[in-house]
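Please look over the sequence and the model shown below before reading on.

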Amino acid sequence: MSEENLIVETHPFPPLLPPQARVMMMGTFPPTADKRCMEFHYPNFQNDMWRIYGLVFFDNPQYFQVKGEKRFDPERIKAFLYERGIASCPTVWKAIRGQGNASDKFLKIVEVVPLEQVLMKIPHCRWLFTTGGKATEALFSLIPDKLKEPKTNEYIDFPYKDYGLKLYRVPSSSRAYPLSLEKKAQAYENFFRLAGIL
């Protein structure tokens, strides 16, 4: 591994924590700066996260895209998340990119989210939902119980301190995940209905 790949990076974007949030989306680490189309969570234009949200809530995968441009509108996304009470927070605070990219497969976690500090700011949150295996793994490192991780589209009671949380796993929004955009959107819609957001 070259010296360049040993750089410990801190997640560049702070959590977005609407005070009334009842659910919190939790991913891992964004791509390098040259691959970002905006300075906010899920900033790669190739990633389908904000197309999924557009389909689920507005029946329009381009809803959060800046018209005629290959980028999303972060202010529009933030306003929407605040309005709907959906928090967004990375599970990984510090990491080393094993291959210099955003691939979870080669991401070495150095420091995980200080979850209790985050939850204190969103006292109504009862659902955490992870957007991939690495994010789920990061959260599981915070609990002593040897639980079985939920499969995609399933949830478990998540015994973190006395917060009464449930942990749901949705499909990854990465294009590398072998599922159509429509099927991913349906999976997210199912979760949001279960959690009372839709």
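Which strands and helices do the buried residues of H1 pack against? The buried residues of H1 pack against strand S2 (23-26), helix H2 (74-84), strand S3 (86-88), strand S6 (127-130) and helix H5 (181-194), where a contact means heavy atoms within 4.5 Å. Helices (H or I, at least four residues) and strands (E, at least two) are DSSP runs, numbered from the N terminus. This is a predicted model, in which local features need pLDDT of at least 70 and side-chain atom pairs count only at pLDDT 80 or more, while totals for chains, interfaces and linings use all residues. Residues are numbered from 1 along each chain as its sequence is written, and side-chain values use heavy atoms, with hydrogens and water left out.

**Helix H1**

Nine of the 10 residues of helix H1 (residues 49-58) are buried, so H1 is largely enclosed by the rest of the structure. Buried here means under 20% relative accessible area, exposed means over 50%, and partly exposed lies in between, with a 1.4 Å probe and protein chains only. The buried residues are Met49, Trp50, Arg51, Ile52, Tyr53, Gly54, Leu55, Val56 and Phe57. Just after the helix, Asp59 takes a positive phi of about 55°.

**The chain as a whole**

The secondary structure of the protein chain comes to five helices and eight strands, and from the N terminus on these elements run β-β-α-α-β-β-β-α-β-α-β-β-α. The radius of gyration of the chain, taken over C-alpha atoms, is 16 Å, close to the 16 Å that the globule rule gives for 198 residues, so the chain is as compact as a globular protein of that length; the rule is 2.2 Å times the number of residues to the power 0.38. Taken along the principal axes, the C-alpha atoms fill a box of roughly 45 × 45 × 30 Å. Of the 198 residues, 49% count as buried, and residues 24 or more positions apart account for 66% of the contacts with a separation of 6 or more.

The chain exposes about 10,000 Å², of which carbon and sulfur atoms supply 50%; accessible areas come from the Shrake-Rupley method with a 1.4 Å probe, and for residues only the protein chains shown count as cover. The mean positions of the 27 positive and 22 negative charges are 3 Å apart. In that count Lys and Arg are positive and Asp and Glu negative, with His and the chain ends not counted, and the place of a charge is NZ of Lys, CZ of Arg, CG of Asp or CD of Glu.

**Thr131 and Tyr42**

Thr131 lies in the loop between S6 and helix H4 (133-140), whereas Tyr42 is found in the loop between S2 and H1. A polar contact of 3.0 Å joins the side chains of Thr131 and Tyr42. Such a contact is a pair of N or O atoms within 3.5 Å; within protein, one must be able to donate a hydrogen and the other to accept it, and residues adjacent in sequence count only if both atoms are side-chain atoms. Not counting residues up to four places away in sequence, Thr131 touches several residues, including Met25, Met49, Pro171 and Tyr188. Tyr42 has a positive phi of about 55° although it is not a glycine.

**Helix H4 and Thr136**

Six of the eight residues of H4 are buried, so H4 is largely enclosed by the rest of the structure; the buried residues are Lys134, Ala135, Thr136, Ala138, Leu139 and Phe140. A polar contact of 2.8 Å joins the side chains of Thr136 and Thr130. Leaving aside its neighbours within four places in sequence, Thr136 is in contact with Thr130, Glu149, Pro150, Leu167 and Arg169. Thr136 and Thr91 are 45 residues apart in sequence and 8.2 Å apart in space, C-alpha to C-alpha.

**Loop residues and accessibility**

Val66 is found in the loop between H1 and H2 and, beyond neighbours within four places in sequence, is in contact with Arg71, Phe72 and Asp73. Asn153 lies in the loop between H4 and strand S7 (155-158), and its phi is near 70°, a positive value in a residue other than glycine.

| Residue | Relative accessibility | Class |
|---|---|---|
| Thr131 | 9% | buried |
| Tyr42 | 16% | buried |
| Thr136 | 0% | buried |
| Val66 | 16% | buried |
| Asn153 | 37% | partly exposed |
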